[in-house]
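Subject: Structure handover

Hello,

Please find the structure below, followed by notes on what was found in it.

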Amino acid sequence: MELFDLFNYALGIRALIASILVGLMCGVLGCFIVLRNMSLVGDALAHAVLPGVVVGFVVGGAGVMAIFTGAVVAGLITAALITWIQHNVKTKNDAAIGIVFTAMFSIGVMWISKVAREGAHLDLDHFLFGNVLGLSDSDLYLTAGITVYVLLSVVLFYRYLFATTFQPVIAETMGISVKTIHYYLMLLLSFAVVASMQAVGVILVVAMLITPASTALLLTNRLKYMLVISGGIGVLASVIGLIITDFYNTTPGPAMAVTATLFYLLAVFFAPQKGLLFKFLYKRKTRKRIQFEDTLKQTLKLHERSSLSFLNLKERLGFNTNTLKYNLNLLRQRGLISRGKNVLAITPEGIKQATRLVRAHRLWETYLVQEMSMDAGQIHDEAEKFEHVLTDELMDEIEANLSYPKLDPHGAPIPQNDYQPEKSLSSLAINTVAEVAENQLNNYLVTRLWQLGIGHDESFKVMNKTEDFIEIQIDDEHLKVPVTLADKVNVEI
Amino acid sequence: MSAISIKGLSVSYDRKTVLTNIYMDVAPGELYGVLGPNGAGKSTLFKAILGLIPVNTGQVLINGQSIENQRKKMVYIPQKGEVDWQFPATVMDVVMMGRYPFKRILQRLNEEDENIAMQALRDMGIDHLRDRQIGELSGGQQQRVFIARALCQQADIFLMDEPFVGVDIKTEQKIIEILKQLRSEGKTILVIHHDLSKVQDYFNKVILLNQWLVAYGDTEEVFTEENINRAYRGQLNILHKTSLH
């Protein structure tokens with residue numbers, strides 16, 4: 001069928017609309033299925049509606065509503081059976097799912113064959129792989145109705161779905177019935193399966209449920225965004241799948257599932273942060289950065305000893321000539337060193353950046369000794385690795401946690417940033433009453449104060465000052481603030 | 001009236017008895033350490049109090065009423081290991097959960113809820129982390145998120161299962177301070193705890209458990225070598241490391 005023809009026919013339009021609806025609904029609902037580790041249950045439910053379809057067909061005279069009702073009832077019975085076995089019989093959870101759905105599916109297949117042999121117009125293939133191009137108007141209305149219902153349910157009951165998916169036990173203690181939400185989700189899932197049956201078929205519904213959702217999970221860290229992204233990918237996959245069907249004259253369901261898988265593969269490789277390519281590039285970049293930073297740091301060290309030269313650098317770093325030349329060129333391009341004839345010098349900017357590395361190294365050493373109780377002798381190698389990993393943010397946090405130490409465990413000075421508060425706590429005289437100012441160096445300093453029991457806008461009185469501590473009084477409580485920390489705390493009188 | 005009153009409670013899993021015939025009255029406005037060896041039934045006791053598991057025999061009353069009536073008066077902080085840290089949820093998402101019990105079905109969370117949540121975040125010193133995914137936090141920060149949520153729930157009874165696992169010592173001490181503060185506001189707090197060396201500093205009451213109730217009451221009276229030996233039976237070597245006199 002030509003594309004032109006397809007979209008000119010009511011059948012084609014119906015197919016397109018149904019595919020968009022199914023893609024959207026399955027994408028959104030699938031997020032909860034994936035996050036609840038219920039992918040197999042989704043697959044099971046999709047297969048197990050088959051006997052319900054036959055009952056609806058035989059008893060209800062092939063009406064859309066009869067088939068719908070039969071399928072949903074079969075879906076719920078399956079969900080209940082699976083749960084019952086999991087709770088009452090000593091069978092493994094996934095085995096219980098497999099046993100129930102294969103049994104239901106088999107009964108359905110046998111029954112359809114029998115009914116079909118007796119002359120009824122019931123095509124097994126349409127249920128298994130869909131028949132999106134054979135949709136009637138009433139099929140389409142049903143699909144639209146179900147989609148609206150499912151999406152509305154997700155929006156209205158979002159917080160119940162979120163809570164029971166994230167922490168079912170906590171949800172239970174909050175008075176949310178986890179069981180009710182579970183069965184409601186199973187009901188929605190049965191609805192989605194029935195609505196998708198015509199578009200993709202029962203065997204591939206699970207692909208529309210879990211593939212877009214898994215793709216979305218690689219792209220975001222927030223459930224709300226995940227729902228939107230997954231729904232969007234579901235729509236794209238079904239529309240593109242339908243176009244592929246038209247071009248290559250193939251079956252719609254599998255074309256949609258394959259398209260969804262392609263989106264998934266794209267995300268696996270190219271997702272920012274969670275993608276494999278990102279991870280690979282990040283590793284490579286890190287390796288190169290470590291070489292670069294090591295070169296910079298050793299340049300500073302040799303500069304401080306007035307013995308900065310190519311050969312000395314080469315010996316200290318253990319790089320081959322080309323690697324060292326490459327890194328020195330990079331340093332020069334970034335204005336961190338200057339190179340004349342046989343002369344090598346570090347620029348002020350170079351000193352600044354190298355000092356940052358020294359700061360990371362010494363802070364980490366101090367952290368390992370003070371917080372992890374490691375021996376001063378065993379920390380150097382650890383710090384050599386970590387100085388390249390520590391972000392400025394993390395350094396600020398560690399520094400605050402250690403109360404802004406001035407010396408590392410080997411007695412070497414830790415370079416600090418030159419922040420000076422307008423009025424520091426350590427500058428206050430004994431008996432001064434003051435309060436911690438709103439405006440502080442950073443949030444880590446605020447957290448450190450919080451750990452000590454000093455909230456902002458709490459007023460305190462300076463009681464005593466020693467070499468190491470400043471003692472203050474808040475309400476009736478006496479607190480000792482290390483002087484190194486007090487130097488950084490901004491106060492108002 | 002007791003905050004929690006337990007009468008003849010027995011619980012078993014798969015025919016294996018975990019708790020036997022517990023009678024206990026938890027006084028309101030006290031900070032309890034719940035102690036006992038592995039498998040003593042500490043977590044099971046919590047779950048029975050919360051009405052999360054079926055009990056064989058016995059009865060649990062909360063503020064003199066059935067658990068169902070008093071659900072919203074209790075808040076549970078589970079072990080860190082029971083949480084899916086990869087879940088796509090932010091700190092704010094999690095803390096806002098503490099407002100769910102105040103909402104009728106279909107009622108939306110509003111600005112007031114958000115303000116309460118923000119205040120709890122500030123109280124715990126993590127307001128700057130509100131938009132972080134929970135897996136990106138340190139152990140201490142993660143525990144603070146759950147305590148912030150508990151504060152939002154404005155409950156009377158706090159049940160905390162090993163809140164200090166994977167938490168740095170500074171944060172641990174700060175959390176204990178907050179618990180003592182809550183206690184002075186009249187809250188009842190039960191904490192499952194493993195480190196016997198700090199019991200005297202942390203808790204003014206203890207519950208010693210080993211499938212049956214060994215002893216409970218004021219820390220000075222109950223936390224004695226004799227009682228601890230009875231609770232820990234074959235695991236006496238643990239005690240040598242503690243600061244017991």
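Chain B averages a pLDDT of 89, and 95% of the residues score at least 70; pLDDT is the predictor's confidence in each residue, from 0 to 100. This is a predicted model, in which local features need pLDDT of at least 70 and side-chain atom pairs count only at pLDDT 80 or more, while totals for chains, interfaces and linings use all residues. Residues are numbered from 1 along each chain as its sequence is written, and chains are lettered from A and ligands numbered from 1 in the order in which they are written.

Two residues are in contact if their C-beta atoms, placed from the backbone, lie within 7 Å. For the complex, the predictor gives an ipTM of 0.90 and a pTM of 0.80.

The two chains

Chain A has 22 helices and seven strands, and chain B has 10 helices and nine strands. Helices (H or I, at least four residues) and strands (E, at least two) are DSSP runs, numbered from the N terminus.

The radius of gyration of chain B is 18 Å, close to the 18 Å that the globule rule gives for 245 residues, so chain B is as compact as a globular protein of that length. The radius is taken over C-alpha atoms, and the rule is 2.2 Å times the number of residues to the power 0.38. Chain A has a radius of gyration of 33 Å, whereas a compact globule of 493 residues would have one near 23 Å. Taken along the principal axes, the C-alpha atoms fill a box of roughly 95 × 70 × 45 Å in chain A and roughly 50 × 40 × 35 Å in chain B.

Of the 493 residues of chain A, 40% count as buried; in chain B, buried residues make up 43% of the 245. A residue is buried if 20 or more other C-beta atoms lie within 10 Å of its own, exposed if 12 or fewer, and partly exposed in between, with C-beta atoms placed from the backbone. Among contacts between residues at least 6 apart in sequence, 67% join residues at least 24 apart in chain A, and 68% do in chain B.

Where the chains meet

On the B side, 24 residues are in contact with 25 residues of chain A. Strand 5 (74–77) and helix 6 (169–184) of chain B each supply at least two residues of the side that touches chain A. The largest share of that side, four residues, comes from helix 6 of chain B.

Cores

The largest nonpolar core has 163 residues, of which Leu29(A), Val49(A) and Val95(B) touch the most other members. Such a core is a set of buried Ala, Val, Leu, Ile, Met, Phe, Trp, Tyr and Cys residues joined through C-beta atoms within 7 Å. Helix 2 (residues 10–35) of chain A gives this core its largest share, 14 residues. A second, separate core of 20 residues includes Leu425(A), Tyr444(A), Trp450(A) and Ile454(A).

Leaving aside neighbours within four places in sequence, the contacts of Val49(A) include Ala71(A), Gly75(A), Ser190(A) and Val202(A).

The sheet in chain A

Five strands of chain A form an open sheet in the order 6-5-4-3-7, with antiparallel pairing. Two strands pair if DSSP finds at least two bridges between them. Strand 6 (477–482) and strand 7 (491–492) of chain A stand at the edges with a single partner strand each, so one side of each is left without a neighbour in the sheet. Two bridges join strand 3 (residues 433–436) of chain A to strand 7 of chain A, where Glu492(A) stands opposite Glu435(A).

Glu458(A) is found in the loop between helix 21 (443–452) and strand 4 (459–465) of chain A. Leaving aside neighbours within four places in sequence, Glu458(A) is in contact with Glu435(A), Val436(A) and Ile474(A). Glu458(A) counts as exposed, with 12 C-beta neighbours inside 10 Å.

Strand 8 of chain B

Five of the six residues of strand 8 (residues 205–210) of chain B are buried, so this strand is largely enclosed by the rest of the structure. Four bridges join strand 8 to strand 3 (residues 31–35) of chain B, and the two run parallel; Leu208(B) is the bridge partner of Leu35(B). Six bridges join strand 8 to strand 9 (residues 212–218) of chain B, and these run antiparallel. In the hairpin of strands 8 and 9 of chain B, which has one residue between the strands, Gln211(B) takes a positive phi near 70°.

Regards
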